[in-house]
Number of protein chains: 2
Amino acid sequence: MKFSVKMIDIANKGALLHTADARKIRVRDGDRVQIINEEAGKNAQAHVDTTGSLIEQGTIGIYRPLNPFLGVNEGEEVEVRCADRPRSLTHIRKKMDGGRLAKDEMLQVTRDIVDETLAPGEVTAFITASYINGLDMDETEYLTRAMVETGDSLQFGTRPIVDKHSIGGVPGNKISLLIVPIIAASGLKIPKTSSRAITGAGGTADLMEVVAPVAFPASEVQRMTEKVGGVIVWGGATNIAPADDRIITYEYPLKIDARGQMLASVMAKKMAVGANLVVIDIPVGRYTKVADVQEGRKMAREFMELGERLNMRVECALSYGESLVGHTIGPILEVQEALAVLEGKREPHSLIQKSLSLAGIALEMAGKAGPGQGFAVAEDLLRSGKALEKFRQIIEIQGGDPGVTADSLTPGEHQFVVRAPQDGYVIELHNRSLITIARTLGSPQDAGAGVVVHSKKGSRVRQGDPILTFYADRAWRLQSAIEAARTLMPVVVEGMILERLPSERWI
Amino acid sequence: MKFSVKMIDIANKGALLHTADARKIRVRDGDRVQIINEEAGKNAQAHVDTTGSLIEQGTIGIYRPLNPFLGVNEGEEVEVRCADRPRSLTHIRKKMDGGRLAKDEMLQVTRDIVDETLAPGEVTAFITASYINGLDMDETEYLTRAMVETGDSLQFGTRPIVDKHSIGGVPGNKISLLIVPIIAASGLKIPKTSSRAITGAGGTADLMEVVAPVAFPASEVQRMTEKVGGVIVWGGATNIAPADDRIITYEYPLKIDARGQMLASVMAKKMAVGANLVVIDIPVGRYTKVADVQEGRKMAREFMELGERLNMRVECALSYGESLVGHTIGPILEVQEALAVLEGKREPHSLIQKSLSLAGIALEMAGKAGPGQGFAVAEDLLRSGKALEKFRQIIEIQGGDPGVTADSLTPGEHQFVVRAPQDGYVIELHNRSLITIARTLGSPQDAGAGVVVHSKKGSRVRQGDPILTFYADRAWRLQSAIEAARTLMPVVVEGMILERLPSERWI
C-alpha cells in the first residue's frame, strides 16, 4: 500500500501508522513493517506504533533514526507492507534448540542486530539462548568476526598496533589515562576506544571527557593515532563493532554477562582498530566479574585462544580487584589523581603499580623492553615526563587544552566528610556501595561529583579522622547521597556499623 | 523531577520525553521510567521515547494506554524518575540459570508481564529461558494460577461448567460452532472463549463474528451464559488470563511453542471461566503441533495431571489432523458449512464425526449421557434441531440476527476454480499452502474470502474436475492468490506437480 511520508522527531527506529491503515496492511502495534522508497531504491524494516489521530490515514510517520535507511522527504511516497519474518529468527531458534551456529548464520544474526531488523525481544532471545546454551570457540570466533565486519575498521600501514582492555568491576580504575600515554611515548601506536559508565560511576571515556572531546568517527581516530601515537576516545561514537553496543544494552537489565559474547565484544573492538598486540587486565575479587584466580586463568586461556584464531597476540594479567584503584571515584577526581601521577607525584601506589605493570607487558610484547624489563622502561617513561608530554599531545589533538594540570581541576563545591566514629581499623569498604554513592552524587554526568577514599581497607584510624569525602556539583545531590550512605553503610570500622550509631555522632 | 503532562495518541504503554530531560533523569531511549501521580496516589512504569522537538522541556508525553494506570489530565503535574529494576528480572535470571521458580516468583513475573512493567525483551528472555530449560509441573501449575489471578474470572453459582479446547494446527476446524450449541442444548453451561487467527486463516472468534458480535467483558460472558447456556466470544476482549495474550505475541515471531506455557495458557483460560469439565482436542499429524500418537498421549497425560492439580476434570481426544475438517476455509464459508449441518445436512462427514465425538465426551463427563452413549446423545441433539435452536439463541443474545441461514450467507464474489489437469488421484493436498492461499485471498479480515476443497486427499478426479475454488471479496486479492498458488502447489494429482505444467493448461 502507498503512503505519504511525514517526518516525526522521535529517537528510535520506528514508524507511526493510523490504526485503520495498520489494520489494512495487517499489522498491530509493535509489529514490523517493510518500507520501500522505490525512487531511491532503498528500503528498511521498522517496528510500528499506531495512532487514531496524530497522523491522517494514508500517511506514515517516519521516526528520525529510520530515515537514513530510507532517504525520503516529507510528502514523498513510500510503499509499506507487513514485513517478512527475518531469516535470522531461524538461526536464533536453532541456538535456542541447542544448535551451533555456522559462520554465515552468526553473521546474519549480527547484521540484523546492527540494522535493528530484529526487535528488542528477538535480540534478547538470541542473548538468552547464547547465555544458557553457551557459545563454543568456533561460534565465539564467528561472532567476533561478524561484529568487526558489520562496523567500521581502522587500517594502519604499520605494525605493531597495541591495545589494552580491563574486564571491569573495580571502581576508580583510571589506569588507561596512564597506560595510553606511556605506550605512545615509547613510539608505539595505541588507538584506545573506551566505554562510558554503564553500571559504574565513570568509564574511561567519561574521565577523558573532562580534559578533551571523545566523540570521533573511526577515520579521525586513525588520523589522530597516526599523528601522536595514541588517543583515548569513546567507542560508542565510532561505529566500531556497533553490534556490541546493542547487545550490551539488552544484557544490562538482566545482568547477563555471557562468556562467549564478552570475549567476542572485547576482541572485536581490538580487532577492528587493527590491534595485533593486546593486553587484557582481569581483575579478580569478590565484587568483580571474576571471583577467583582459577576462574581468571580460564578466562585468560580463552582470550589467548581467541586471539590466536584472529592473528592477534594476547597476554593477560590477573589483577587485585577487591579494593578500588587509587583513592578517587568520579570524573574530575580521577583525572586529577592520574594527572598528578603523570606530573611526578609518587602516589597512590596501587594506581602506579598497576599501570606500570600492564604498560610493561605491552612494551615487552612489542620489543620496546627486554623480558622482565617492561616495568622499568614504563617507569622511566613516566618519571622522565615523556608520558605527561604525550598525554598533553593526545589532549591537544582531541581538541582539549594541553595546559591542563591536576591543580587546575576543581571537583564539586558541595562536600561532606565521613569521619571515624571511634578509634579502630577500617575492616570493610564496600565497592558496590561506593559506586552507588558516587552515582547518587551525580557521577559521571556531573563531572565534579565523586568520592575520595582517605582510608582504605586495613587502615588504622582515630576517632574523628576523615574516611571518605563526598563531592557534588549540586547541593541536593549531596543530601541524597548522605541519605543513601546511611542505608548503604559503605565503611565499617572495627565491626561497628556506621548506620547503627546515633546519627548526631556520625555526622 | 516534576513534569507537566501532555496526552499523546500513540497506542502503546509508553511516554515521550525531551532529549534534554531524559539526560537529566538519566534515561535513554527505550529505558523505563517511573511516573507518579501524587494527587491520585497512582503510579506506573513505562518505556520512554525521546524527541528534540515534539514536546517542550519540562513536559512528558503520556501515550494513550498508559493513562489508565495514572489517571492524569493534560497540564497536570507528575513526578518522573528513572525506574528501579523490576524484581521479576531476578526471577527471570534464575530461570535462565536453570533454577525453578517458586509460586510467588512466578506470580510476580506474570504480573509484570500483564501490566507491561517488563519490556518486550525481558518477556522474551523469560519465554526463551522457559522454553530452553523447561517448566516442571509445579512451575506450570504456578504459571496457570498466576495467569488466572492476574485477570478477570467468571463465578458461576452452579456446576458443572463445561469447556473445550483444540490445540490447533488443522485448517477449517469449525467444530466449536457445532459443539457449543450441542452442549448448551443438553442443558449444560459452556462459556466458550476463543481466539482470532494468529497464523491460521480464521480462529473460532473470526468465524462467530460473521453472525454476531464477539467482544464482551467477562461479566457479560457470564450473564449471557447463565441465560442461554453458552456463548462463543473472543477471549482477547475479556481480560481473562491476559498474560497469555501477551506471551503469545512474543512467541509468535520465534515460532516458540513451549510446552509448559502452552499447558498453562490453555488451562488458565478454562479455569478462569470457572470450567470444571474440560475436553481437549489434540489433532495429530505431520503439519499439526503434535507429530505422532505417542507425543499426543504424553501431552494428554500432562493436561490431565495439570487439571487434577487445579481441581478440573480433563479428558483428551487425539484426532486425525492430516487433512482439513470439512471442505471449507475462511469465515463465511466455514460458518455456512457449520450452519448447513445444524440445519440438517448430513455432510461433511469429517466435521460431523469430529464434533459429535467431542461433544459426546463432554456429555458423558457431565452425566448427560451414559458411558459410550455420548455420541448418540449428541447426534440426537443435532438431528432434532435443538442444537440449531440453541445456536440461534446464542447468536441472538450476542446481538446477531437469529434468522441467519446457510443459504443467506454469501462468500466472496470473485472466484476462481482450480481443475484437475488430468485423470488421477489427489495424492497431496498441502494444509500450509491452503492456509497461505486463504490468507492471501483476504481471510479472515475479508469475511467472504476463503477456499473450498472439492476433492480431498485420496479422491479420484477426472481431467477438468474442480479441485479447489478460491473466493475473494476483492478482485486484486484473487489475482494475488492465483499467483501464489502457482508457487505453492497446494494440490498434486498422481505425482504430477501442477506448477510444472504449462500454465495455460493449468488455468
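Predicted model: local features only at pLDDT ≥ 70, side-chain atom pairs only at ≥ 80, totals over all residues.

Chain B superposes on chain A by a rotation of 180°, with 0.0 Å of shift along the axis and an RMSD of 0.1 Å. That makes the relation one of a two-fold axis. To find the axis in chain B, select B:Gly121: its C-alpha is the one nearest the axis, 1.7 Å from it.

Stay with the pair and look at where they meet. Of the interface residues of chain B, 100% are also interface residues in chain A, so the copies meet through the same surface.

Next, go to chain A and pick out the residues that an unreviewed UniProt entry annotates as "binding site": A:Gly169, A:Ser195, A:Arg196, A:Ala197, A:Ile198, A:Thr199, A:Gly200, A:Thr204, A:Ser265 and A:Lys289. Two of these get a stop of their own.

Zoom in on A:Ser195, in the loop that runs between β8 (190-194) and α8 (204-208) of chain A. Is A:Ser195 buried or partly exposed? Its relative accessibility is 44%, so it counts as partly exposed. Leaving out residues up to four places away in sequence, A:Ser195 touches A:Gly203, A:Thr204, A:Ala205, A:Asp206 and A:Trp234.

Now hop over to one of those contacts, A:Thr204, which sits in helix α8 of chain A. A:Thr204 is buried, because its relative accessible area is 15%, and the cut-off for buried is under 20%. Show its surroundings too: apart from neighbours within four places in sequence, A:Thr204 is in contact with A:Ser176, A:Ser194, A:Ser195 and A:Ile232.

How values were computed. Residues numbered from 1 in each chain as written. Chains lettered and ligands numbered in written order. Heavy atoms only, no water. UniProt positions renumbered as here; feature names shortened; annotations may be inferred. Helix = DSSP H or I, 4+ residues; strand = E, 2+ residues; numbered from the N terminus. Buried < 20%, exposed > 50% of the residue type's maximum accessible area, 1.4 Å probe, protein only. Contact = heavy atoms within 4.5 Å. Least-squares fit on C-alpha atoms with pLDDT ≥ 70 in both.
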